[in-house]
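Trainee: Could you take a close look at one part of this model, the charged side chains that pair up? I would like to know where they sit and what surrounds them.

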Amino acid sequence: MTTHSAIWHQLECGSYDVDLDCWLGLAADYGGPILDIGAGTGRLALMLADRGREVTALDNDQELLTALAAHDSDGRVTTLCADARDFDLPQQFGLIIVAMLTVQLLGGEEGRMSFFGRARKALSPGGCLALAIADLSDDSAADGAPAAPDSLQLAGIQFSTQAVALHERDQQIGIERRREIHGPGRSVQVLAATDWIDAVSATTLEAEGATAGLSVTARRQIPDSEDYVGSTVVCFNG
Ligand SMILES: C[S@@+](CC[C@H](N)C(=O)[O-])C[C@H]1O[C@@H](n2cnc3c(N)ncnc32)[C@H](O)[C@@H]1O
């Protein structure tokens with residue numbers, strides 16, 4: 001059964017698609033198996049497997065990986081529940097993707113350096129590690145009205161979620177969301193959730209990766225969309 005964690009994830013990340021061309025371009029440029037770090041419910045992992053690629057999806061939330069597997073009846077995607085800062089895999093990958101600001105969820109520089117060490121080991125020689133980051137302090141969408149809520153109905157229960165505010169604290173931006181569960185009957189549950197995103201520039205990320213022994217290569221760009229600020233994809237070769 002789908003859990004609430006997977007429902008919120010699907011509602012808050014599932015419809016994002018302006019980055020697809022970027023990841024497909026990288027997949028065309030780099031052969032071999034793909035490791036999707038922070039894969040969530042498989043928005044990218046399933047899309048890449050659909051195109052015939054061998055994909056491993058890593059996430060630290062088993063509920064999300066279970067939802068991914070529920071959409072993968074042929075078992076094309078290998079899943080691994082592990083922390084991105086502390087994983088070990090027996091194989092190496094031609095492309096490691098870290099989409100949708102996942103690298104900004106790893107607990108600052110210390111967490112990112114642990115991650116870079118693991119990723120370097122998992123990257124094939126000549127392969128590519130690509131990480132999408134954004135500067136949310138520059139989110140012009142935050143100056144206007146909040147985006148409309150996203151919602152879905154499941155077994156008579158309506159789930160809706162809406163980003164309502166951005167907050168700032170030491171080196172982090174918080175995205176505050178209002179989540180509502182309507183039903184069964186007339187019951188309404190309102191939940192507040194804030195995701196704290198580390199502020200990190202592309203230049204800093206490149207310096208950290210270089211310190212971990214990776215070679216910086218050309219950045220790529222993901223454009224703004226109506227609801228999401230654009231991002232920079234920082235790339236390294238193994
Ligand atoms: C913004 S979502 C991106 C989901 C997916 N990559 C996509 O593009 O649709 C971030 C994902 O990173 C996962 N995550 C956060 N911290 C993690 C960690 N330390 N190790 C592994 N996964 C993590 C979350 O569970 C979540 O699925």
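**Salt bridges and the domain contact**

Mentor: Glu 180 and Arg 178 join through their side chains in a salt bridge, 2.6 Å from N to O. A salt bridge here is a side-chain nitrogen of Lys or Arg within 4 Å of a carboxyl oxygen of Asp or Glu. The model is predicted, so local features need pLDDT of at least 70 and side-chain atom pairs count only at pLDDT 80 or more, while totals for chains, interfaces and linings use all residues. Residues are numbered from 1 along each chain as its sequence is written, and side-chain values use heavy atoms, with hydrogens and water left out.

Glu 180 is buried at 16% relative accessibility, whereas Arg 178 is partly exposed at 38%. Buried means under 20% relative accessible area, exposed over 50%, and partly exposed in between (1.4 Å probe, protein chains only).

The whole structure holds 13 salt bridges. In one of them, Glu 206 meets Arg 219 at 2.7 Å, N to O. That pair links distant parts of the chain, Glu 206 lying in helix H6 (residues 202-211) and Arg 219 in strand E10 (residues 215-222), 13 residues apart. Helices (H or I, at least four residues) and strands (E, at least two) are DSSP runs, numbered from the N terminus. Glu 206 is buried, at 12%, and Arg 219 is partly exposed, at 39%.

Arg 76 and Asp 50 form another salt bridge, with the closest N and O atoms 2.4 Å apart. Arg 76 is in the loop between H4 and strand E3 (77-81), and Asp 50 is in helix H3, 26 residues apart. Arg 76 is partly exposed at 31%, and Asp 50 is exposed at 54%.

Now the domains. An automatic or database assignment sets the bounds: domain 1 is 4-136 + 199-237, and domain 2 is 138-197. Between domain 1 and domain 2 there are 2 salt bridges. Glu 12 forms a salt bridge with Arg 177, the closest N and O atoms being 3.8 Å apart. Glu 12, Arg 177, Arg 179 and Asp 195 are linked in a network of salt bridges.

Glu 12 is among the buried residues of helix H1 (residues 4-13), which also include Trp 8 and Leu 11. Domain 1 and domain 2 bury about 1,700 Å² between them, 67% of it from carbon and sulfur atoms. Buried area is the accessible area (1.4 Å probe) that two parts lose on being put together, summed over both. In domain 1, Trp 8, Leu 11 and Leu 136 lose the most area to domain 2, together 42% of what that side buries.
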